[in-house]
Amino acid sequence: MTVSTIENRDDLLSYLNAAMALEHATIPPYLTAYYSIHSGTNSDAAHIIRVIAVEEMLHLTLVANVLNAIGGEPDLTRPGFVPSYPAYLPDGENDFTVDLRPFSPDAVETFCKIERPGQAPGAGSRLMTTSNSATPLLSSPTAEGMRYYSIGEFYEEIIEGLEKVAAGNPALFCGNPARQVGPESFYSGGGTVIVVSDLDSARQALRLIADQGEGLDSGLYDASGELAHYYRFRQLQLGRYYQVGDHPDAPSGPLLSISWDDVYDVKVNARLADYPTGSELARVARDFNADYGAFLALLTKAFNGQPGVFEEAVWEMFRLRDAFNRLVCNPLPGSDGLHAAPTFEIPAEAGPNPQTPPGAGETTQAVTR
């Protein structure tokens, strides 16, 4: 049996904060690929990526609910919460980097690696030695120099830690129920927000995340019958939709049409330093980062006693479309014809209580491409 790295509530708080950072870290890459697609093209791929991005918001919310249930305080504005890309997200025996890149075979391959099922070969193999100089996002918060075999194993460690700490601390689930985000606030994509109040609901929430992403325990489909994220991305590689009963490597459903040319070739991992000083593009890139920081602050408010604003935060993520388009539609000077893209370098002044972002008080509605 693997040695536990979670001994007390503080360890749990560290792990759950790391889980929130991990779940969020996939959103900028997915959004960059999504908005690099020319409007009106690649509808199959755009739909798959968009729904998965929204479901990553669901995962983020589920972790926040577990964190709140044990008296934690979610903070998406803390320094380092948004990684500097390329970022390490180890999966299986190999490390790979996650980049901000346009929709492409390389991007889809990375997405599959992020979501790939990865059950450790044995109980003692859940933790592995970190083999690169960068700190991976899937590293253990309490065991220095160690990382997890996969996202699924990372969540299994948290579940076992919750069980262990709860057994010795009957008052572990002491959080204010009013801080829980409920299913009435989240209705896009598959899955349902789970209100966490005890060990059983915490386990249910965390297993939903692992199953929906990897399909680790349920095969192609999660417990609610939704195709796992990994297999949704595999459809883009294999060119067909899955049907019930299909082998994982042989979908037999309708053809899935992709045009890799109908994409803005944005600069991979663009940085503010790449933009000409004083240029309009530089201003738009800075404004985007400020708006994204405000979006994270809105989520932080939703997770800290104002769950009613969560629905607005979900759609705020897609209101960033216009700012995305102002960048990706334009060539980046000095980049050999590559196009501009958001950099997700969040300004330091983006704290937990900035001004409400523009448009946040308006009536929300679904955003379509």
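**Notebook: asparagines, rings and a cis bond**

I began with asparagine 269, which is buried at a relative accessible area of 14%. Buried stands for under 20% relative accessible area, exposed for over 50%, and partly exposed for what lies in between (1.4 Å probe, protein chains only). The model is predicted: local features need pLDDT of at least 70, side-chain atom pairs count only at pLDDT 80 or more, and totals for chains, interfaces and linings use all residues. Residues are numbered from 1 along each chain as its sequence is written, and side-chain values use heavy atoms, with hydrogens and water left out.

**Backbone entries**

I looked up phi of asparagine 269 and found a value near 55°, positive in a residue other than glycine. Asparagine 269 sits in the loop between α7 (229–238) and α8. Helices (H or I, at least four residues) and strands (E, at least two) are DSSP runs, numbered from the N terminus.

I then turned to asparagine 42. Its phi is near 50°, again positive in a residue other than glycine. Asparagine 42 belongs to the loop between α2 and α3. It is buried, with a relative accessible area of 7%.

Next I checked proline 86. A cis peptide bond joins it to tyrosine 85, with omega about 5°. Proline 86 is in the loop between α3 (43–69) and β1 (87–88).

**Helix α2**

I asked how many residues of helix α2 are buried. The count is 10 of the 10 (residues 27–36), so the helix is largely enclosed by the rest of the structure. Among them are Ile27, Pro28, Leu31 and Ser36.

**Aromatic pairs**

I found 17 aromatic pairs in the structure. Rings of Phe, Tyr and Trp (its six-membered ring) pair if their centres lie within 6.5 Å; planes under 30 degrees apart count as stacked, over 60 as edge-to-face and the rest as tilted. Tyrosine 34 and tyrosine 35 pair edge-to-face, 4.7 Å centre to centre with 70° between the planes. Both are buried.

Phenylalanine 288 and phenylalanine 344 also pair edge-to-face, at 5.3 Å and 85°. Phenylalanine 288 lies in helix α8 (residues 280–302) and phenylalanine 344 in the segment after α10 (321–328), so the pair ties together parts 56 residues apart in sequence. Both phenylalanines are buried. Ring pairs link a cluster that includes Tyr34, Tyr35, Phe288 and Phe344.

**Whole protein**

The protein has 10 helices and four strands. Of its 369 residues, 55% count as buried.
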